[in-house]
Amino acid sequence: MKDLKYISAYSIPVVALLSIWLQGVYTYLTPIYVFGFIPLVELFTPASEENLDEDTRLYKSKKKVFDWLLYINLPIIYSILFYALYTVSNVSLNTYEIVGIVISTGIVLGANGINVGHELGHRFSNERFIAKALLLPSLYMHFYMEHNFGHHLKAATKEDPATAKYNQPLYFFWFTSVVGQYISAWKIQMKLLKQNNQSFLSFKNDMFWYSVITFVYIFLIFSIFGSFGLIIGLSCGIVGFLLLETINYIEHYGLSRKKNDSGRYERVREIHSWNSNHLLGRILLFELTRHSDHHYRASKKYQLLDHHDKSPQLPFGYPTSMVLSLFPPLWFVLMNKRVPDEMKPQ
């Protein structure tokens, strides 16, 4: 039964489903659950630094149930998105209800869409197609290109748009990261095409095809739900990718890698990402919170990620930390003293 604990991650789409169905003030159940109830529970639940023993690690590495727990998110997020678009297009709702539905749906697209797409995007099989399909509703297919070929190489450096600088407010980071990652993805793509002597119109130009697929997706929403449905669909996607960017913010805030004598950065280690061992956040986000080990060994599956004593630790779980990051002065007070002195700008 311990293997099935990640079923708890589906509680977010279940609450979102209830939000859309019940309407009224209940449309805000999802943000209340994710950013109110869960942080409250985390204050009274322990964190665990326990790592798997070798026998358990081998057993869990071969269990397909951990993979299927990820795959199931694909029909879930599209079903909830369709239900949300159908509801706002066919039911007379107040503005506050529509806003609540957009936020609730966007949280699902971020937590069960982009987050799971991120995990599957590191796999070396057809799972990558599922990853990209999970990124599509948040209009973030380029994340696959930039994250795998950019962020994991440049994390905790000035060249990485997805690494928040010391004393950088979250709202500035949203802009620099969203724009910077998109530009970075195109630069990576053009470099890959040049290295392989391929033209812009090559079938290997993934960024071009991501753009085409995203346009088709947007056109389908417009065709089925009209212009208002399109606005809602795009708004849900924006909420989804801003949720991701908030997670990006807390994962690497203020941390930096040193340059060696040759001018190259030291390799990414377990000290270059913030870690969180709070159990509820770990389960709900498929162990994304053990981010230090993820960057240390990017190919390691989520159920096998370890705690490292050297990793800098967030004082709270991810949901709580995300809420705190919305208030920059409070965030700086809590986090700046935790950033190692040698990593702070001189």
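**Close-up views of a predicted model**

View 1. Over residues 170-186 the chain is 100% helix and 0% strand, with 24 Å between the end C-alpha atoms. Residues 207-225 are likewise 100% helix and 0% strand, and their end C-alpha atoms are 27 Å apart. Helices here are DSSP runs of H or I with at least four residues, strands are runs of E with at least two, and both are numbered from the N terminus. UniProt, in an unreviewed entry, lists both spans under "transmembrane region"; such annotations may be inferred rather than shown by experiment. A note on the model: it is predicted, so local features need pLDDT of at least 70 and side-chain atom pairs count only at pLDDT 80 or more, while totals for chains, interfaces and linings use all residues. Residues are numbered from 1 along each chain as its sequence is written, and side-chain values use heavy atoms, leaving out hydrogens and water.

**View 2. The largest nonpolar core and Trp331.** This core has 80 residues, and Tyr249, Tyr253, Phe286 and Trp331 touch the most other members. Helix α10 (residues 206-252) gives the most, with 14 residues. A nonpolar core joins buried Ala, Val, Leu, Ile, Met, Phe, Trp, Tyr and Cys residues through side-chain atoms within 4.5 Å. Leaving aside residues up to four places away in sequence, Trp331 touches partners including Tyr249, Tyr253, Leu314 and Asn336 (contact: heavy atoms within 4.5 Å).

View 3. The search of the whole structure finds 21 aromatic pairs. Tyr166 and Tyr253 are stacked, at 6.3 Å centre to centre and 25 degrees between the planes. Rings of Phe, Tyr and Trp (its six-membered ring) pair if their centres lie within 6.5 Å; planes under 30 degrees apart count as stacked, over 60 as edge-to-face and the rest as tilted. Tyr166 sits in the loop between α8 and α9 and Tyr253 in the loop between α10 and α11 (279-284), so the pair ties together parts that are 87 residues apart in sequence. Tyr253 is buried at 0% relative accessibility, while Tyr166 is partly exposed at 22%. Buried means under 20% relative accessible area, exposed over 50%, and partly exposed in between (1.4 Å probe, protein chains only).

**View 4. Lys132 over two rings.** Lys132 lies over the face of Tyr144, at 4.4 Å from the ring centre, and over the face of Phe129, at 5.9 Å. The criterion is NZ of Lys or CZ of Arg within 6 Å of the ring centre and within 35 degrees of the ring normal. Tyr144 is one of the buried residues of α8.
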